[in-house]
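My notes below follow the order in which I looked things up.

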Amino acid sequence: MISINNIYYRYEQEGIDALCGVSLEIQEGEHLSLIGPNGCGKTTLIQHLNALILPRQGKVIIDGLNTSDTENHIQIRSRVGMVFQNPENQIIGMTVEEDVAFGPENLQLPTAAIKERVAEALERVGILELAKRNVEHLSGGEKRLVAIAGVLAMRPRYIAFDEPTAFLDPAAAKRILKIIDKLNTENVGIIHITHNMDEAAMASRVVVINEGRVSMEGDPQDIFGKVDLLQEMGMQLPQVTELLIRLKLDGFPVRTDIVAMEDATEQIKLLVKTR
Amino acid sequence: MYHIGSYIRGGAIIYRLDPRIKLAAVIVLSIVILAAKPLPSVFLGLALIILAFFSGIRLRTIAQAVKPLLFFIVLIFFVHALFTEGNAFLSITCFGLSLSRAGLSAGFLVTWQFLCLILAAVLLTMTSPPAQIIAAIKYYLYPLKLLRVPVDVIAVMIMLALRMMPVLLSEKERIEIAQRARGYNEKKSGFILRIKAFLSLTAAVLLGVFRRADELAVAMEARNYQQDTRTSFVELRMVSTDFIALFFLSVFFFIFIALNYCFG
């Protein structure tokens, strides 16, 4: 379990308080979405999970390991993987397999074990055939998959994704989301930062961060039911929720606490039948 | 688009050779190239071209590798051509420079040697995944560990340099395109405007380098990078082909010394 207890963080140079008393618990195997306006502290928060930054006040405990204790960092970073927004700046190797091997090499595994992990990670994201390819010759979506494989090769229990579908075409984004979903079914805890509310609605829990604080927390239906509060923060709703709200405003008797396409389809089918 | 330092997949024997053999070959070849007399030097260059051909490396790729260095190649040629002493057949009086037969031969020889060096380096980097080259460098530098030289850190630095080189080159190309998209035309611009455009390009690329370096360092830390405590994905193992290559390399080296002595 990841336990974030009342953490504060300040970027001293910029004089910005990025996190002001955030508390959160994330269970193993949970799929959590972090949403909120730009600059609200989402990325700062997930960087605490990997001990990349340490809280000025408060504690972050990963499976009983305190991130403030530097001796725990190797274990913490093996347990929590990070997939950054721009794969270009996190791919270290020049070929796909070299990059995926970087993490296991740092874990000081023997060559045979590294090779096994590289093949396994590439297989899990479905790019085993790209193993020998130069990363420069890959598409944006493929680079993102390499970045995910690089994290998977460390066999983490939790993975934090920072806008994993940003700048991708719909097909590549769908592929990434499918992988995230599959990882979650394999009991990997997912912490997913997104600005796409349809993606956020895929999670089992949504946490809204605003001005460095947790402003709302709950299941997607609860959160996206609070339309006024979300709009106040300048955030959008999942497309299906927005459609149902518009129908309701026009006098159609539909539920508006729906975030999934399948449920929305059922609502509309019901509406058509009753008419 | 090929950049120096890029690895391109291939199936020729050279791709399968142990990187230590290939690295040793490049080092030996570099010494030999620089020590070569004109005629052996021509044979050496031709041998490298034949090797490149049989490795499946196209002439266009070699040209792409040479292109960014063209300015230096031309500069090297003229420096040698104009400053080598000999019987002048052409004098440029206002600069006090003269062109001699000896100068021209020296210019051609050094340029040819330089091209051969580039070709040898291209052959190595194109046919070996960078991790293998780094493993070979680490292998040869290993004794320095006794003198507390941070061999592993050096290896990672080389890896990052190789990784970032094509990234920075494409960033430079992107910025140039952005400049052109906003109306900058190099051919029609005056000297001052060209200097300004060059400075803004340099500043943008440099800022990009620092930003990337920062993000890359964070990404490395996130994946548990610790200095001096890494194992390697690359397993270096000599097989029969490598021993045969080593044998031919030694034979070639002795033949070359003999040839160089005869033609000297």
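Predicted model: local features only at pLDDT ≥ 70, side-chain atom pairs only at ≥ 80, totals over all residues.

Entry 1: Next I asked which elements of chain B give two or more residues to the side that touches chain A. They are α7 (130-141), α8 (151-181) and α9 (191-222) of chain B. I noted that α9(B) gives the most to this side, with nine residues. Then I sorted the side of chain B that touches chain A by class. I listed 17 nonpolar, eight polar and nine charged residues.

**Entry 2: extent of the contact.** How many residues does each chain put into the contact? I read 34 residues from chain B and 41 residues from chain A. The size of an interface is often given as the accessible area lost when the parts come together, so I looked that up next. The area buried between chain B and chain A is about 3400 Å². Carbon and sulfur atoms give 55% of that area.

**Entry 3: salt bridges.** I looked up salt bridges over all chains and got 27. Five salt bridges lie across the interface of chain B and chain A. I wrote down two pairs.
- A:Glu136 and B:Arg163 meet through their side chains, at 3.0 Å from N to O. A:Glu136 sits in the loop between α4 (111-124) and α5 (140-152) of chain A, while B:Arg163 sits in helix α8 of chain B.
- B:Glu221 forms a salt bridge with A:Arg77. Their closest N and O atoms are 3.3 Å apart.

**Entry 4: the six-stranded sheet of chain A.** I turned to chain A and traced an open sheet of six strands. I wrote its order as β6-β7-β8-β3-β9-β10, with mixed pairing. Which strands are at the edges? β6 (80-83) and β10 (213-218) of chain A each pair on one side only. The twist averages 20 degrees from one strand to the next.

I then followed the pairing of β6(A) with β7 (residues 158-162) of chain A. These two strands run parallel and share four bridges. A:Gly81 stands opposite A:Ile159 in β7(A).

Two helices on this sheet went into my notes. Helix α1 (residues 42-49) of chain A lies across β3 (31-35), β6, β7, β8 (189-193) and β9 (205-210) of chain A. This helix runs at about 155 degrees to β8(A). Helix α6 (residues 170-185) of chain A lies across β3, β7 and β8 of chain A. The angle of α6(A) to β8(A) is about 150 degrees.

**Entry 5: the four-stranded sheet of chain A.** I traced another open sheet in chain A, with four strands. Its order is β2-β1-β4-β5, with antiparallel pairing. Its edge strands are β2 (16-26) and β5 (65-66) of chain A, each pairing on one side only. I also found α1(A) packed on this sheet, touching β1 (2-11), β2 and β4 of chain A. The direction of α1(A) makes about 125 degrees with that of β1(A).

I checked two strand pairs here. β1(A) and β4(A) are antiparallel and pair over five bridges. A:Tyr8 stands opposite A:Gln57 in β4(A). Strand β4 (residues 57-62) of chain A is joined to β5(A) by two bridges, again antiparallel. A:Ile62 stands opposite A:Leu65 in β5(A). β4(A) and β5(A) form a hairpin with two residues between them. In the turn, A:Asp63 has a positive phi of about 45 degrees.

**Entry 6: chain B overall.** What does the secondary structure of chain B come to? I read ten helices and two strands. From the N terminus on, the elements run α-α-α-α-α-β-β-α-α-α-α-α. Last, I noted the box that the C-alpha atoms of chain B fill along the principal axes, roughly 65 × 60 × 40 Å.

Terms used:
Residues numbered from 1 in each chain as written. Chains lettered and ligands numbered in written order. Heavy atoms only, no water. Contact = heavy atoms within 4.5 Å. Buried area = accessible area lost by both parts, 1.4 Å probe. Salt bridge = Lys/Arg side-chain N within 4 Å of Asp/Glu carboxyl O. Nonpolar A, V, L, I, M, F, W, Y, C, P; charged D, E, K, R; others polar. Pairing = 2+ DSSP bridges. Axes fitted to C-alpha atoms, helices over the stretch in contact; angles between N-to-C directions.
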